[in-house]
Amino acid sequence: MNARRESWARVAAGSAGSQQSTRLPAFSHLMNNSTSHPNRLSRSVDADGHDRNNMSTSWGRGGTLPSYPSQNGYWHGLGGSAQDMPPFFIPSYLRGAKHAEKLQEAHKAKLAAQREPRSAHTSNPGSLSTSSSSVHLHKMAPSYRGLTHEVIERVPPAFTDESVSPWPTRWNEADRFSQLELEDSGRLAKFSGTQKTHDEAAAVRADFPMPRQCGIYYYEITVVSKGKEGRMIGIGFSGPKVALSRIPGWEPDSYAYHGDDGQIFSNTTSGKSYGPKFGTLDVIGCGINFRTNTAFFTKNGHMLGTAFRELKLNMPYYPTVGMKKPGETVRVNFGQEPFAFDIDKMVQDEKAAIQAEITRTQTPSAASGGEDALIHQLVGQYLAHDGYVETARVFSDEIVDEARALANDEDADIPYRTAVEDMDALNRQKIRTAILEGDIDKALKHTTAYYPSVLRENENIYFKLRCRKFIEMIRRCGELNAQCHPEPTPSSKRSTASTQNNRNSIATDEYDFEMELDEQLGVHNPPPGWDNKDQDDDLEDEDDMEDKEAKSRRATDETIAYGQELKAEFANDPRREVKRALEDTFALIAYTDARESSLAPLLEVAGRVPVAEELNSAILVSLGKSSSAALERLIQQTEALVTELADDGGPGAFINVRRDFLQ
Amino acid sequence: MSSSTVSVSATTPTQHSFQRKIDDIKPSKTDINFVVMDYLVSEGYPRAAEKFAKEANIRLPLEGESIQSRVEIRRAIHAGDIDSAITKINDLNPQILDTDSALHFALLRLQLIELIRACTSSATADITPALNFASSQLAPRAATNPDFLKDLELTMSLLIFLPETGTLHKELTDLLEPSLRRNVASKVNEAILTSMGARGEARMRSLVRLRQWAETKARAVGKDIPPSLPLGLQDVDERPVNGNGETGDVMVQ
């Protein structure tokens, strides 16, 4: 198990005044003691909008939850604070780029952070009586509390990643020459002063430098008006300290293409002829290729060629325009709108060239079968490591078959064979399967039998398993309850059915094994309430309503009994995260059907995965093995190396490992 | 290979900062499973793919449809039965070999090598079939392309040298290596996949190359990374991958 941790979806149930009536009386003694912060209603969930975010489905299910507003819309709606953060956009040529993804995540994190104080204001205890479940929703802020349930698989890196360089979004109000006026949220720059002397001009820089991590950065301006008397407009980029009273290109660290003579200027007042002149309604583009350290310009969609080479590697370059005649006006497009020049294709070509280079790369040690042997090992080890035992075995067979066919000779030295028959892999697979099926008892039993030290030495995992067991029991109660009062929401019904099917099929598969194990272990004495699996199975066969209600009651009683046991065992645990987890878990029983409550995410089947992974890793570590498979490490290394190659605008900037190679 | 291969002293007590960056990256299991499945299907391990679909609870991708015939073709090529491989490829899609003359030539040359191997295996064998095949099938194609011609000439010289094995040039022994069949087989597989509109190369392969490329690049520009980046394959397979005692997982070049 790795350390990726998501925030607990949590509610201190005691504070939910409106829920009091639905709380089962039988639970109240548990509840009252377990909620130490009656006023805390901190509902937190990360705001990662990733496609695979399991949360998103669960939010929709309740039907009572307001839909999550889209980023831009949300901000416009916020009025005052919208000025702090303009709508987020991704320039077309950066779509799918790693840096764009990072920025987007950072943006979402900021949104979430800004939402936090607002919702704290609205969700004080007094306002709770209306609808607690929808109030929670506004508080989707991240939290870093110790013990966590993982609800989604991807980490939102934004919370830790403050270092993502944003791209320019507008001309900077605070970084302009005073006679240059900005309009249209900083997109329009207009010279409003009196005419400048030959040496003077008015320039403005963008709010952020062109990020090297983009690999290629490009923006365009449209000359809205060249003014009455001339077209002394310069477009380019400059360092942060270059004087704004001069036309860009004339000062050190400043580079530009001038409209009056079509010349380019870098660091000096003497230009070089480069392209055509430009004036009103012309669209001029300016781009830097950080990989090659060159800059280029475009006019009305046509490439004008490389303008500057050997740009400084450590200088932040800000998009800059300068002008000097009254009435001169330019409008900038940092990617908010489509570009006139096909910059997308240029970036695609750059990517393709790098891809081709990668394809040509040779893996070393070609003598030993090189790449093929390496991949065979990676796959075989991953399958065994992660407990895909059958697949690992069959894969190994197929590899051997292949090698044999190739060698054309039965006695040939078969180069590959994995030791997948090892019992550990089988045992770990059983434990994992049990958890994924929601059968925590079985997982505990197997773990205690095969790896007695693991639970002792990893108390937090033991605790999580116990909590998970409670959650599974609540799930069970909810399912039974739903059967007694058939008013199901279609989606939850479906998921219930499928889990039960799974459980049944596994139950038969594993039956013999279970018997065997029980014999082996002698009488393994589970604490009361652990072995309710058989009862579960009975229940599913029953159709009689009355009987069902009885079962439901019994399940509830058992759940309470187990909850008390859990509480007795951990109530005096001094660790804060344990206390919190207990509170959150116990809060579930406040609802007659927790699946309909705002706590539904806790009940998600997906929540089993991280517990299973964590236990699997702990077992591996206890066996002296690495907690992650070689293939996983290979991906980690690749990502890290590519990031390293992207930070300075190198070739890595054109690679999005996940998007280009893993999907 | 550079000297960095022999960085045995990697047991530094302090952790390299780059290692922390590596540890901070949390690949998604879903992605990894996808890459593994993609590999099993595109490189033709149908039974493993099926098991994996079951065990990991993911769906077999669409390219799965051609998997059986691709496996049969691979098997035929690996076994040196080029004739039936070509028939099977044409059954699947006659366009593949028509449009890729280099691939077709590579297959035919493989067939010629098999014929030469057969006819030189005993002292009494007749070399006529090999000669006939070369002149009827390969010579007309070789005439159109200098690379083909060079390959053909080299292959034909096997006829002269093969009886006294052990004194062959490396160029010639390479022709007799199983790896040649494997390379041709995997090219055929890629061509079939591409003809079906699928991605030709398995992502796993691209990924392994990307890893290698990125490390090479990063070292070339002097990035601060540890002298070696082990993958930790040893705990499954302690055996050194090649004769040099270099463990296979050190992908340092």
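## Interface between chains A and B

Buried area is the accessible area, with a 1.4 Å probe, that two parts lose on being put together, summed over both. In this predicted model, about 7,200 Å² is buried between chain A and chain B. Carbon and sulfur atoms give 63% of that area. The contact involves 75 residues of chain A and 70 residues of chain B.

## What chain A supplies

Five helices of chain A each give at least two residues to the side that touches chain B: H6 (343-360), H7 (370-385), H8 (389-407), H20 (630-646) and H21 (657-661). H20(A) gives the most, with 15 residues. By class, this side of chain A has 32 nonpolar, 21 polar and 22 charged residues.

## A loop with positive phi

Most residues other than glycine have a negative phi. A:Asp184 has a positive value, near 55 degrees. A:Ser185 also has a positive phi, about 50 degrees, although it is not a glycine.

A:Asp184 is found in the loop between strand E2 (180-183) and strand E3 (188-191) of chain A. A:Ser185 lies in the loop between E2 and E3 too. A:Asp184 is at 38%, so it counts as partly exposed. A:Ser185 is at 56%, so it counts as exposed; the cut-off for exposed is over 50%.

Notes. Residues are numbered from 1 along each chain as its sequence is written. Chains are lettered from A and ligands numbered from 1 in the order in which they are written. This is a predicted model: local features need pLDDT of at least 70, side-chain atom pairs count only at pLDDT 80 or more; totals for chains, interfaces and linings use all residues. Side-chain values use heavy atoms; hydrogens and water are left out. Contact means heavy atoms within 4.5 Å. Helices (H or I, at least four residues) and strands (E, at least two) are DSSP runs, numbered from the N terminus. Ala, Val, Leu, Ile, Met, Phe, Trp, Tyr, Cys and Pro count as nonpolar, Asp, Glu, Lys and Arg as charged, and the others, Gly among them, as polar. Buried means under 20% relative accessible area, exposed over 50%, partly exposed in between (1.4 Å probe, protein chains only).
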